[in-house]
Amino acid sequence: MRFITLPLAWPLIGIALTFRLIGAFRSFDILYAVTKGGPGRATDTLIIQAYQENFSHFRLEYGLVVGIVMMLITIVMCVLLLRRVTANR
Amino acid sequence: MTPCAQRTLIESLKHGAMIFICLIAPFPILRILTQSFKSYFDTIAVPPKIFFKRVLDNFRQVLATPGFLSSIKDSFIMAMGSSPLGFFLGTPCGYSLARLRYRGSNSIGFFLLVTRMVSPIVIIIPLNRVFQILGLIDTHIGLILAHTFINIGLVVWMMRGFFQDIPESLEEAARIDGCSNIQAFYKIALPVTAPGLAATAIFCFLFSWNELMIALPLASLNVRTTPVFIISEFVGYLAVEWGLLSAAGILTVLPMLIFVVAIQKNLVRGLTMGAVK
């Protein structure tokens with residue numbers, strides 16, 4: 001297990017972790033349904049904040065900037081993910 | 001301890017951990033199921049009651065809420081509209097990415113992956129503005145287009161995997177027998193990947209059915225998908241109607257649950273078929 005299975009499974013575990021990381025990074029619906037970033041701004045994530053600023057306070061530029069930053073971060077994570085997947089094949 | 005006894009111990013520990021996980025995993029569904037049968041004061045009781053008087057009031061009230069049934073209809077239209085559309089556009093693309101080598105094919109695949117991976121907020125803010133100008137906000141067509149946009153990435157990547165799985169010699173044989181490239185695609189490659197097609201279709205459908213974030217700013221009065229409806233109707237400013245919320249949730253999940261359980265075997269086969277290279 002420790003010397004055979006885990007080393008062989010590491011690349012796959014890495015892929016799964018990256019996948020989950022991206023998934024958690026972009027999660028919105030549960031957060032929005034449960035707290036909407038409240039009470040106050042205690043449970044604000046980037047995406048909730050962008051949504052609120054854009055659609056409740058109508059600060060379009062803020063939402064756009066957050067969006068672009070998030071896109072860049074996601075692209076970096078995607079590159080890492082793809083490199084792993086292709087290296088694995 | 002003898003090695004044999006040690007091994008039994010390790011095995012039983014492993015099984016214990018698995019059973020533990022299996023018990024935890026369905027807990028949210030169990031919770032929402034029990035909540036939906038409670039009366040209002042039982043739903044907010046602390047600590048939660050295990051034994052309670054079962055009532056059907058919640059379901060009755062949810063079904064009587066104006067707009068609930070029409071929101072289910074809207075969700076259905078959305079899913080039925082966007083998954084076939086995503087399919088027609090995405091499958092040929094996935095095929096070409098799997099079979100043909102052309103300039104930029106990798107970049108195209110990467111771009112489509114990013115549309116899937118990136119947070120919907122990136123897409124939704126500009127899309128909202130564009131739809132306002134085009135007058136597509138709060139219409140079925142607008143929402144179908146938005147969902148299709150996200151679905152295409154999924155379709156392309158899943159179908160690419162399925163197409164890579166089937167041996168290329170199948171199509172070569174077809175070509176020798178006189179098929180054109182396109183004929184080889186829809187006469188040979190498509191039928192062979194049928195389980196994969198089914199799995200992808202179900203994923204698209206589920207995505208459209210569950211999607212909240214894209215639907216939220218694009219749908220308001222005429223069109224309300226079920227998640228949007230539930231969130232706006234049963235989560236109030238001062239109080240959350242837990243009983244109604246849970247009942248509505250159960251009613252939304254139920255059709256999908258039955259659907260997925262019914263075709264589970266196909267789904268799993270399709271999934272593993274794509275995963276094992």
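1. Which element of chain B has the lowest mean pLDDT, and which the highest? Helix α15 (residues 264-275) of chain B has the lowest, 61. Helix α5 (residues 68-99) of chain B has the highest, 87. pLDDT is the predictor's confidence in each residue, from 0 to 100. Helices here are DSSP runs of H or I with at least four residues, numbered from the N terminus.

2. This is a predicted model: local features need pLDDT of at least 70, side-chain atom pairs count only at pLDDT 80 or more, and totals for chains, interfaces and linings use all residues. Residues are numbered from 1 along each chain as its sequence is written, while chains are lettered from A and ligands numbered from 1 in the order in which they are written.

3. Confidence. Chain B averages a pLDDT of 81. In that chain, 94% of the residues score at least 70. For the complex, the predictor gives an ipTM of 0.71 and a pTM of 0.78.

4. The interface. Chain A puts 22 residues in contact with 15 residues of chain B. Contact means that C-beta atoms, placed from the backbone, lie within 7 Å. On the chain A side, α1 (5-25), α2 (29-34), α3 (46-55) and α4 (60-88) each give two or more residues. α4(A) gives the most, with nine residues. By class, this side has 15 nonpolar, four polar and three charged residues. Ala, Val, Leu, Ile, Met, Phe, Trp, Tyr, Cys and Pro count as nonpolar, Asp, Glu, Lys and Arg as charged, and the others, Gly among them, as polar.

5. α4 with α14 in chain B. The axes of helix α4 (residues 57-64) and helix α14 (residues 242-262) come within 8 Å and cross at roughly 75°. Axes are lines fitted to C-alpha atoms, for helices over the stretch in contact, and angles run from 0 to 180 degrees between N-to-C directions. The two helices are therefore roughly perpendicular (65 to 115 degrees). B:Phe59 and B:Val62 are among the α4(B) residues in the contact, and B:Leu244 and B:Leu251 among those of α14(B). The contact has six nonpolar, four polar and no charged residues.

6. α8 with α11 in chain B. Helix α8 (residues 140-165) and helix α11 (residues 194-210) pack at about 155°, with axes 10 Å apart. They are therefore roughly antiparallel (over 145 degrees). Contributors include B:Met158 and B:Phe162 of α8(B), and B:Phe203 and B:Phe207 of α11(B).

Key: Angles under 35 degrees count as roughly parallel, over 145 as roughly antiparallel, 65 to 115 as roughly perpendicular and the rest as oblique. Two residues are in contact if their C-beta atoms, placed from the backbone, lie within 7 Å.
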